[in-house]
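Please consult the sequence and the structure while reading.

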Amino acid sequence: MKIKTICLSFLSSVLLTVIALLLIALWMYRSGPSDGAVNIAILAVYVLSNFAGGFLLGKCAGKKRYLWGLGLGNAYFLCLLLLSLAIGNGGTLGVIHGALTYGLIVVSASFGGMLAG
């Protein structure tokens with residue numbers, strides 16, 4: 001697998017996330033939803049963007065697509081965690097919320113890779 005394909009799949013996941021989070025910010029500005037609704041929307045963004053990235057990567061992988069999706073999900077979560085630590089919000093993540101987020105990201109990326117066949 002070419003490194004260019006891996007990078008493009010990862011960047012597509014990140015780009016989808018950024019666009020969707022901007023839309024969520026606009027939604028928050030206009031309607032002021034509850035914190036629970038915002039958290040669910042953010043988790044849904046993570047799931048959908050990683051599914052799309054895993055799907056794109058799986059289309060190009062051919063074999064072991066779920067493992068490529070798993071790698072994409074791990075890389076995405078690692079970048080998300082490092083970004084949270086750099087901003088200073090890493091301490092507020094919590095173990096259970098972090099584990100749930102990690103699980104959702106990795107499973108959705110792997111599932112996207114599996115369905116790419």
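In helix 3, the buried residues are Gly69, Leu72, Gly73, Tyr76, Phe77 and Leu80; buried denotes under 20% relative accessible area, exposed over 50%, and partly exposed in between (1.4 Å probe, protein chains only). Helices (H or I, at least four residues) are DSSP runs, numbered from the N terminus. The cover over the buried residues of helix 3 includes helix 1 (3-31), helix 2 (35-61) and helix 4 (95-115), where contact means heavy atoms within 4.5 Å.

The model is predicted: local features need pLDDT of at least 70, side-chain atom pairs count only at pLDDT 80 or more, and totals for chains, interfaces and linings use all residues. Residues are numbered from 1 along each chain as its sequence is written, and side-chain values use heavy atoms, with hydrogens and water left out.

Helix 3 itself comprises 23 residues (65-87) and reaches 33 Å from its first C-alpha to its last, close to the 33 Å expected at 1.5 Å a residue. The expected span of a helix is 1.5 Å times one less than its number of residues. Just after helix 3, glycine 88 adopts a positive phi of about 110°.

Tyrosine 66 also belongs to helix 3, but this residue is partly exposed, with a relative accessible area of 45%. Together with Leu67, Leu70, Phe111, Met114 and Leu115, Tyr66 forms a nonpolar surface patch with about 540 Å² of accessible area. Helix 3 and helix 4 are the elements that give two or more residues to this patch. Patches consist of residues with over 30% relative accessible area and no salt bridge, like charges being joined within 9 Å and nonpolar side chains (Val, Leu, Ile, Met, Phe, Trp, Tyr) within 5 Å. A salt bridge is a side-chain nitrogen of Lys or Arg within 4 Å of a carboxyl oxygen of Asp or Glu. Accessible areas come from the Shrake-Rupley method with a 1.4 Å probe; for residues, only the protein chains shown count as cover.

Just after helix 1, glycine 32 has a positive phi of about 60°.

Valine 38 lies in helix 2 and is buried, with a relative accessible area of 8%. Not counting residues up to four places away in sequence, valine 38 touches Trp27, Met28 and Pro33. Valine 38 and isoleucine 24 are 14 residues apart in sequence, and their C-alpha atoms are 7.6 Å apart in space.
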